Amino acid sequence: MKKAVVCVALCLMLLVSNFAAVAVSAEENYIDNWEYMTVGTADYTTDTAYAYTVFHFEPDEVGKYILSSAESMLGIVGYNWVTVTPSTDTVNVNSFEWSCTAVGQGIIVAVESGDGAVGITIAKGDLEQKEEVPWTVYENQVTPEKFTFDGDTATLLNVNTADDVVDAAVLGTDGFYHLNAANGPILYAKVKDSQLSLAGAIEYGQLKETVQDEEGNIVSRTDFNNAIGEYVACSDSKTSLYPLTVDLIEVFQRVGAVKGWYGSSGFIGGDLEDAWMFACYYNELPELPEPEVGDVNADGVVDLNDATAMFYHVNGLSTFAEEALLAADLNGDGNVDLNDATALFYSINGLTE
């Protein structure tokens with residue numbers, strides 16, 4: 001069975017307007033003269049004062065190109081103006097292949113300077129065409145609805161992702177994901193988070209996943225942009241928070257690792273399975289008084305059904321009748337909000353005195 005290797009199709013923003021020559025200092029071992037290579041065989045003049053001389057190759061046709069020299073070592077040290085310093089690690093072959101898949105693509109080639117004149121041949125071959133795999137648009141399993149977070153009374157905390165703490169998202173009986181236990185704090189995802197670069201990724205349509213097999217063949221492509229855009233549009237306008245859903249978990253897991261949101265041991269730490277949770281937050285509520293009311297469904301029993309109904313009401317998924325509102329205002333402040341819902345849930349589960 002082939003092992004799937006996950007990668008993401010990234011949108012490269014090419015800054016090609018500033019073509020200033022590389023500033024050379026005594027410590028640098030190369031010079032860039034901004035000369036462009038051409039297809040065919042030609043002699044290129046290198047600067048013997050430096051170990052390497054850098055040239056540019058930008059073909060006007062797509063295809064596979066073979067660059068070779070019998071006189072000097074060659075190597076690609078940059079792609080579309082993103083460069084690395086030439087060294088024996090990058091300039092160590094007499095011949096290499098490079099595939100240009102779109103007009104405008106270019107590479108930066110470092111040539112070992114030698115005696116100052118180096119003959120280089122660039123031959124064009126046919127580019128191997130692979131069957132294009134169509135994009136699949138990810139469809140949300142949960143239909144996002146407008147969400148408002150009561151930030152005025154919340155103590156909002158980021159989920160701990162330190163190396164010695166492995167937090168988890170647990171689906172509770174109320175339909176919400178909770179921190180570490182079904183009766184833990186409700187988890188919220190910040191769907192426009194600077195540390196995830198989500199805002200930019202959404203704006204430029206970069207939330208995509210391409211899956212390849214071990215031979216480099218593309219086996220699937222998934223576009224998550226529209227799905228996440230729906231959650232962004234429905235998130236709280238002040239905090240960009242939205243209750244954590246199975247869709248958000250899947251995007252964070254599948255796209256996050258390959259976009260560099262977290263590494264093999266986590267972006268900030270923690271286990272890879274749950275490292276994405278650094279994008280999640282929870283509300284640390286103060287201790288609330290033992291409720292004397294709470295029978296919002298008027299069945300004579302205050303139980304989990306009442307707490308579930310409260311959470312649905314608070315999150316805009318249902319609306320209470322007037323008599324239920326009176327029963328739901330546990331702390332008597334005239335509002336039915338997350339404090340009341342959480343207090344009732346804590347009471348039912350024996351978490352308050």
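Mentor: What follows is a look at the aromatic pairs and their surroundings. This is a predicted model, in which local features need pLDDT of at least 70 and side-chain atom pairs count only at pLDDT 80 or more, while totals for chains, interfaces and linings use all residues. Residues are numbered from 1 along each chain as its sequence is written, and side-chain values use heavy atoms, with hydrogens and water left out.

Rings of Phe, Tyr and Trp (its six-membered ring) pair if their centres lie within 6.5 Å, with planes under 30 degrees apart counted as stacked, over 60 as edge-to-face and the rest as tilted. By this rule there are 11 aromatic pairs. One of them joins Tyr 44 and Phe 55, which are edge-to-face at 5.3 Å centre to centre with 65° between the planes. This pair links distant parts of the chain, since Tyr 44 belongs to strand β3 (residues 40-45) and Phe 55 to strand β4 (residues 52-57), 11 residues apart; strands here are DSSP runs of E, at least two residues, numbered from the N terminus. Tyr 44 is buried, at 3% relative accessible area, and Phe 55 is buried at 0%, where buried means under 20% (1.4 Å probe, protein chains only).

Phe 147 and Tyr 242 also pair edge-to-face, because their centres are 5.8 Å apart and their planes lie at 65°. Phe 147 sits in the loop between β11 (135-137) and β12 (156-158) and Tyr 242 in strand β18 (residues 241-243), so the pair ties together parts 95 residues apart in sequence. Phe 147 is buried, with a relative accessible area of 5%, and Tyr 242 is buried at 7%.

Terms used: Helix = DSSP H or I, 4+ residues; strand = E, 2+ residues; numbered from the N terminus. Buried < 20%, exposed > 50% of the residue type's maximum accessible area, 1.4 Å probe, protein only.
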